[in-house]
Each structure stands twice: as C-alpha cells, then as structure tokens.
Amino acid sequence: MVKINSVIPDSPADRKGITEGDILVRINGHGIKDVLDYMYYAAETSVTLEIVRHGEEMTVAIEKDEYDDLGLEFETFLMDQKQSCSNKCVFCFIDQMPPGMRETLYFKDDDARLSFLQGNYVTLTNLKQSDIDRIIEMKLNINVSVHTTNPELRVKMMHNRFAGEKLKFIWQLAHNGIKLNCQIVCCPGLNDGDELRRSLRDLGELMPNITSMAVVPVGVTKFREGLYPLKGFTKEGAAETIDIIAEFQEQFLEKFGTRTVFPSDEFFLLAERDIPDMEFYEDFSQYENGVGMLRSLMDEFDKALDIAEWEGGKRHVTIATGYSPYPIICQLAKKAEEKFPLLQCDVVRIRNDFFGDTITVTGLITAQDLIAQLRDHDIGDQLLLSSSMVRRDSDVFLDDLTIGDVERELNTSVRTSASDGYELLDAIMGVTW
Ligand code: SF4
C-alpha cells in the first residue's frame, strides 16, 4: 500500500482518472510495497490497479505498451524507507570518519533495491529468504560485497553473527541464474593471502553467474580509536595481492575467456607497478570500483593530446591531486607541456590531513586541506580539481566547504573535471564548451 503523491499529466494513469492522494494497493493482484514491486508488475501491457480513494476500494484497468510508465509518482524514490545495514564491519569507512560531517554521510545503507536500481553493493546480511526469492522471481542482477567466503571470518570481519550463514544466499542466487558482480574489501592479515585465494576459488565455482569481481584495498583513516587494529597495505602486501589475483585471472581466462577478477587501481599505485594496458580491463565492468579508471584516463588523455591544437597565449595552471595518483598526473602534465611550449602545468600533491595521511586518493581530499596547502603556491591562471572531490551534481566538498570557498580563500578560479582524459586536457588548455 503506497500513497500516490502526484500523477504525470496525460500519462496512462492520468487518462484513467487516478489522482494525487489515491492509495495504490495491488497491481494485477500483487501487493505493492516498494519500487521494485511497482516497476515489475507495472511493466505488463494489461494492468489492473486496485486503488483506495477516501476509504473506498476501486479498480482501474489500463492498456499500454510493455514497460511504459504508468505515470504515478510517490513520496520517495524507493516508495519505502531506505534499508540500513546490520553490520559493524571492522573496515567500515563510515566508522572512521571524523565527527561533525554532514549527517547523511554517516548513514550506512545496505539496500538490495538500490543495488539493482543504482548499482550499490550490498552484503545480503539484512535479507530474508523471501527477499532472495523475490530477487530470483524478478530476475534482478545485483552487486554483492562478499569480502570473504569463509563463514567464520565473514562473521568476524562484519561483526555480524549472521554474516557467515547469509553466504548461502550468494550460492542460491547464482544457482538460479542471477548474475552477480562481487566486491572484496581486502584487509591485510584478515582476508588477504590464502583467505583471498579461498574466496576467489569459491566464487570461481559460481562462474559464469559471477560476472565480475573487484578486490579493493581497505582505507584506514586516523580516526580508529576503539576500533579493530587494522593496518593498510604495504608496497609488498599490495604486490602479493596483485600476484594472487593474477593466478586466478589466468585460470579464469583459460576456462571462461575472461579474467573476471581485477585488483583496483590503488593496488598498482601502492605496489609501485605500472598500470596495465587497456586490454587487461576487458569491458571495464568494475570501473565504478576504481578498476581501470587510471588506464582509461591515461589512454583518453593521449588520444585527446594527439589531436589537440593550442590556441591563444601563455597559460599556467595547477592540478591538485592525492598522493597515490600523483606520479600519473605528473606524467600527463609533462606530456601536455612538451607538446605545448606556452603551457605551464604544475601538479601539487595534497596530504590528507583531514582523514590522515594514510588516505592518499584524490576523491577524499577536502577543501580545508586544499586551502591550507595551496595558500603559498603560485597557482597561476586556474586551479584544476577532480570532480570526485565534490558531491555529485554539487560544488560541496566532504567538509561542507564549497568550490566558492576555495576560490575565495585562494583568490583563484577553480575548474573541475571528471576522471576523463578529454575533459582533463580541455581543463588544462582552458578550452570552454
Ligand atoms: S556494510 Fe559494513 S562497510 Fe558497509 S556500511 Fe555497513 S558496516 Fe559499513
């Protein structure tokens, strides 16, 4: 039962007289409790809605094309409360954030519906058998945070006594044809080494329904008082992890024609190894997990630079980046300077004082660190930042300061660019669209 908030004018529902305030109870005899039920049952060509209006039940029949939207809008996107997680993972980044940040940043969601709709990774620990049956019935492919296939270790790592037994859901889903993308947050001394081998071996048995796996290194901030004593990866540990993954990539490639499992870019940076070629990443299926982002950026940048032509006079810019991608960004800046003598492109690595210097990625740099560390730097004509530093579709950093604050404090203009080589070169050259 969900209250209809509004009806899109001239939509199938509007043409049948459904109005704001009506309560949607069932579609084609199926109870509707959330957006998944709604999307699934409303996809049919013949749809019978059971509605309650002012306490009176009524039935509305609608004929439409398959998958055409009925035109109903609800109070929230999910038509339900967002499900929060029931774990207390030893590696949880949210538990390692400083106090006083934006409240929404502390919300721990673990909602299987958002996995299907937005690609979020879920642990399955808060799901019941009926939820799994529904995923199978609706044939929803989902993204799962597995972390380990060792039940006792999963309980320990996720601090949830059900985390081990809920592993059975992964097997059930895969055996029923559901395609799963998996993620392993790798923590030295816990699920790396032979434990990682065990997880990859077990998940490998579920291929081809395990379609991809990303292994990402744990992020360890300075805010770990009272938490499990975790350490980040050393150079040697990162190299060993890449090599373990390579053992399985070879096997999977030979047997299934795909590597399936990939270390995130961060492992190559930590191990001080070259970023693999484009072909290594196949279809970039784990791009959102930071797998292949740097290779993609580098190759796009080279292609963009090949065809770029300089127009106008001298230009001096500064790119601010995290410690780990710094050498790569320096390489790109140098290539641009070599091609364009009128260009000066400085690269400055920003130490993460906000979260601690063990955090070296660009996306977790805050405005206050930028301001403090660039105050005495000759920025030139413009400061270039990665758009991963600010909230999507906004100009707000993790510390709630804005791009405008950085511009004002540093007395400069700021331009952001996505992790895209073409956009980055445009930003460096000052090309406007
Ligand atoms: S599942 Fe674990 S890592 Fe994710 S939000 Fe919950 S406690 Fe944190």
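Aspartate 243 forms a salt bridge with arginine 273, and their closest N and O atoms are 3.0 Å apart. A salt bridge here is a side-chain nitrogen of Lys or Arg within 4 Å of a carboxyl oxygen of Asp or Glu. The pair links distant parts of the chain, 30 residues apart: aspartate 243 sits in helix 8, arginine 273 in the loop between helix 9 and helix 10 (293-307). Aspartate 243 is partly exposed at 38% relative accessible area. Arginine 273 is partly exposed too, at 32%. Buried means under 20% relative accessible area, exposed over 50%, and partly exposed in between (1.4 Å probe, protein chains only).

This is a predicted model: local features need pLDDT of at least 70, side-chain atom pairs count only at pLDDT 80 or more, and totals for chains, interfaces and linings use all residues. Residues are numbered from 1 along each chain as its sequence is written, and side-chain values use heavy atoms, with hydrogens and water left out. Helices (H or I, at least four residues) and strands (E, at least two) are DSSP runs, numbered from the N terminus.

## Other salt bridges

The whole structure holds 23 salt bridges. One of them joins arginine 26 to glutamate 50, with the closest N and O atoms 2.9 Å apart. Arginine 26 lies in strand 2 (residues 23-27) and glutamate 50 in strand 4 (residues 46-53), so the pair ties together parts 24 residues apart in sequence. Arginine 26 is partly exposed at 31% relative accessibility. Glutamate 50 is partly exposed at 23%.

Aspartate 299 forms a salt bridge with arginine 295, and here the closest N and O atoms are 2.6 Å apart. Both residues are buried. They are 4 residues apart in helix 10, about one helical turn. Elsewhere, Asp34, Asp37, Asp80, Asp111, Arg113 and Arg134 are linked in a network of salt bridges.

## Domains

The domain assignment, automatic or from a database, gives domain 1 (2-74), domain 2 (94-291) and domain 3 (296-429). The C-alpha centres of domain 1 and domain 3 lie 48 Å apart.

5 strands form an open sheet in the order 7-8-9-10-11, with parallel pairing. Strand 7 (121-122) and strand 11 stand at the edges, each with a single partner strand, so one side of each has no neighbour in the sheet. Two strands pair if DSSP finds at least two bridges between them. Strand 8 (residues 142-145) and strand 9 pair over 4 bridges. Valine 144 has cysteine 182 in strand 9 as its bridge partner.

## Helix 7

Helix 7 (residues 193-204) has 12 residues. From first C-alpha to last, helix 7 reaches 17 Å, close to the expected 16 Å. The expected span is 1.5 Å times one less than the number of residues. Its buried residues include Leu196, Leu200 and Leu203. Among the elements that cover the buried residues of helix 7 are helix 6 (167-175), strand 10 (210-217) and helix 8 (235-256).

Leucine 269 lies in helix 9 (residues 265-270). Leucine 269 is buried, at 18% relative accessible area. Contact means heavy atoms within 4.5 Å. Leaving out residues up to four places away in sequence, leucine 269 touches Ile275, Leu294, Ser324, Pro325 and Ile328.

Aspartate 399 sits in the loop between strand 14 (382-386) and helix 13 (403-410). Aspartate 399 is buried, at 13% relative accessible area. A polar atom of its side chain lies 3.2 Å from the backbone nitrogen of alanine 367.

Definitions and conventions:
A polar contact is a pair of N or O atoms within 3.5 Å; within protein, one must be able to donate a hydrogen and the other to accept it, and residues adjacent in sequence count only if both atoms are side-chain atoms.
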